[in-house]
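Hi,

Here is the structure I promised to pass on. Have a look at it first, and my notes follow below.

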Amino acid sequence: MTFNWLSQIFIISLMNLRNIPQRWGTSSVAIFGVACVVGVFIAVLSMATGFQRTMSNAGSPNTVIIMRAGATSEMSSGLSYEQTQWISSLPGIEKNGEQLLSSAELFVVVDISKKTTNTSANVSLRGVMPAAFAVRDKFNIVEGRNFEPGKNELIVGRSAQKQFNNLAVGSSIKFGQTEWRVVGMFESGGGLAESELWCDAKILQAAYRRGNSFQTIRAKLISPSVLADLKAAVAADPKFNVDVKLETAYLSEQSAPMTKFIMGVGYPLAILMALGAIFGAINTMYTSVSTRTREIATLRALGFGAFPVAFSTLFESLVLAFVGGAIGSVVAYFLFNGYTVSTLNFASFSQVVFDFAVTPALVKQGVIFAAAIGFIGGLFPAIRAARLPVATALRDNG
Amino acid sequence: MSNSATLEKSAKEVPASNEVLANDVLVSLTNISKTYKKGKELVPVLTDINVKIQRGDFVALMGPSGSGKTTLLNLLGGLDNPSAGELIIAGQRIDKFSSSQLTKWRAQNVGFIFQFYNLMPVLSAEKNVELPLLLTNLTSKERKAHVAAALDLVGLADRAKHYPSELSGGQEQRVAIARALVSDPNLLLCDEPTGDLDRATADEILALMQELNQEQQKTIVMVTHDPRAADHARHTLHLDKGKLIQE
Ligand SMILES: Nc1ncnc2c1ncn2[C@@H]1O[C@H](COP(=O)(O)OP(=O)(O)OP(=O)(O)O)[C@@H](O)[C@H]1O
Ligand SMILES: [Mg+2]
């Protein structure tokens, strides 16, 4: 006595779905609820993803960043000229012809007004030496030219130019007493540096009275395998007094507080909204079951099983949730993907410009989230549908 | 089928006067009672019903409103369980069945015809008729053939693709009858099948049911208020306040 449950489920689900236009009002409540939740969920996560992507795009697995021992960021680090010289003589650092791929850099934070709000924000101004360009893989000047050593000239990152006033190539901008000319605009693979302004290290040292000191060294390794040797060499001699970190590790450390903050706000918000959407879905599905009471009772009288009836109700709920999830994802994609914002990076106290990134992985997460809402929302109504007392239900409507 | 043999044998042991008919008993109710709980009170709806229905009979079940007709029909259809008594249909003690056993049993043994047809509005006539066959192992081709035959039998072969909203009440009831027939059940159960139809259409439906009984040997139990409807049946049972009144 095999009962064809699949065909039962199929036909009941088909009827349920065809019935939806007659229950459009309540069905759209469920769809709308799920769409909102998934939309917000994806928006929040795309912010975190975009931020992380920007931070990590800047990093190369071959590049180390060397800072004063115990410094948690470039900001709080400081290196004397002697230290930078000693470090450059360490083994394992790549050479390009005669030039060591080791770049001593310093940076200050300057005030620039944001285009969107016209309020002032902290932006990193980095002083570099010629090796800086060779150390970075994806660095590329796309407009204008590079600054000339010894002049008060700036090149600006693409994101910084997009977000802040007065950074067009050819314009002048004043920080403190010093007037700077913007001579070029650069890209660096969408990474963190694109939020920065760069100039000659010597000029920056003079303008901000830094003497001959730097903050960090970025160096390119011959291969990732020499990292351990390099670390050991530094640890062996107390005169160095520095920490060596892979750039990727450093940047993910830097992005952690911000990402945590976004997630810490985003997840509770999404879960709170999801609770609302679940109640919406439950309500919709109870309504669906009660408007289909007679239909369900008739099918049960004909010999259709309780399980297929329950399962089809669950299926309907899942379909509504998927539709909602799809709408939410699409709306989030069009509203937020590539939407550029700048925010204060807690770790460096300077602005990071990044794009929201709605990735396929995020959409997948959103869809799973929607399915979970649909499942929970449909479960109890499905059980009610299965337990419907057939005789009474037929009587109510007969 | 071995069960029904036992039934025939035990029926023979009873020195009943109508032994010949008892050989053909399809439905047997012995001391059937049904009570509902209303709060703490027990409301008796059916008390001590004893009746046998032969295979091939057409029984009209009459009685005033609230006398328990629908309740009795629901018991016969395995939609509800009796509170006490023994209910045997086609040799099976269906009062002992679990609800999932009853579900399967219904699919194979009874066809229901309701006052308001209860067709699925989103399915065409033929898809409505096909529903009970989805519970069988028939192939799609076999199902189509059965559906066509059933629709032909009720005179609606040309309306197969129509949706319920495109049919008259009488036509809808014919589709419902085709649906009840299509899996060739032992028993057709009808609750006021003509209650929502005008006189002429009602007479057509009753004539159809009579034909099904006489020419297709369908066993029919039909609840009705209408004495003219009852005239189409072979026998009439009267219920009053939950008790059968002997004629
Ligand atoms: N689920 C229930 N709970 C309590 N009482 C019920 C229930 N179902 C039916 N009854 C009662 O059982 C009695 C018989 O009901 P039933 O529907 O069988 O009568 P009927 O003869 O079919 O009446 P009608 O001609 O109006 O359809 C009524 O008094 C009804 O109120
Ligand atoms: Mg009734």
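A:Asn166 sits in the loop between α5 (158-163) and β8 (172-175) of chain A; helices here are DSSP runs of H or I with at least four residues, strands are runs of E with at least two, and both are numbered from the N terminus. Its phi is near 65 degrees, a positive value in a residue other than glycine. A:Asn166 is partly exposed, with a relative accessible area of 48% (buried means under 20%, exposed over 50%, partly exposed in between, using a 1.4 Å probe and protein chains only).

Before I go on: this is a predicted model, where local features need pLDDT of at least 70 and side-chain atom pairs count only at pLDDT 80 or more, while totals for chains, interfaces and linings use all residues. Residues are numbered from 1 along each chain as its sequence is written, chains are lettered from A and ligands numbered from 1 in the order in which they are written, and side-chain values use heavy atoms, leaving out hydrogens and water.

Chain B has a positive phi to look at too: B:Asp184, near 50 degrees and not a glycine. This residue is in the loop between α7 (169-181) and β7 of chain B, and at 52% relative accessibility B:Asp184 counts as exposed.

B:Asn109 belongs to helix α4 (residues 99-109) of chain B and is buried, at 8% relative accessible area. Setting aside neighbours within four places in sequence, B:Asn109 is in contact (heavy atoms within 4.5 Å) with B:Gln92, B:Pro185, B:Asn186 and B:Leu187.

Now the core. A nonpolar core is a set of buried Ala, Val, Leu, Ile, Met, Phe, Trp, Tyr and Cys residues joined through side-chain atoms within 4.5 Å. The largest one has 57 residues, and A:Phe304, B:Val27, B:Leu29, B:Leu87 and B:Leu131 touch the most other members. Not counting residues up to four places away in sequence, A:Phe304 touches residues of chain B including B:Thr103, B:Leu131, B:Leu134 and B:Leu135, and A:Gln8, A:Ile11, A:Ile12 and A:Leu299 in chain A. There is also a second, separate core of 41 residues, with A:Val156, A:Trp180, A:Val244 and A:Val353 among them.

What about cysteines? Searching the whole structure turns up zero disulfides over all chains (a disulfide being a pair of cysteine sulfur atoms within 2.5 Å). A:Cys36 is partly exposed at 28% relative accessible area, whereas B:Cys190 is buried at 0%.

Cheers
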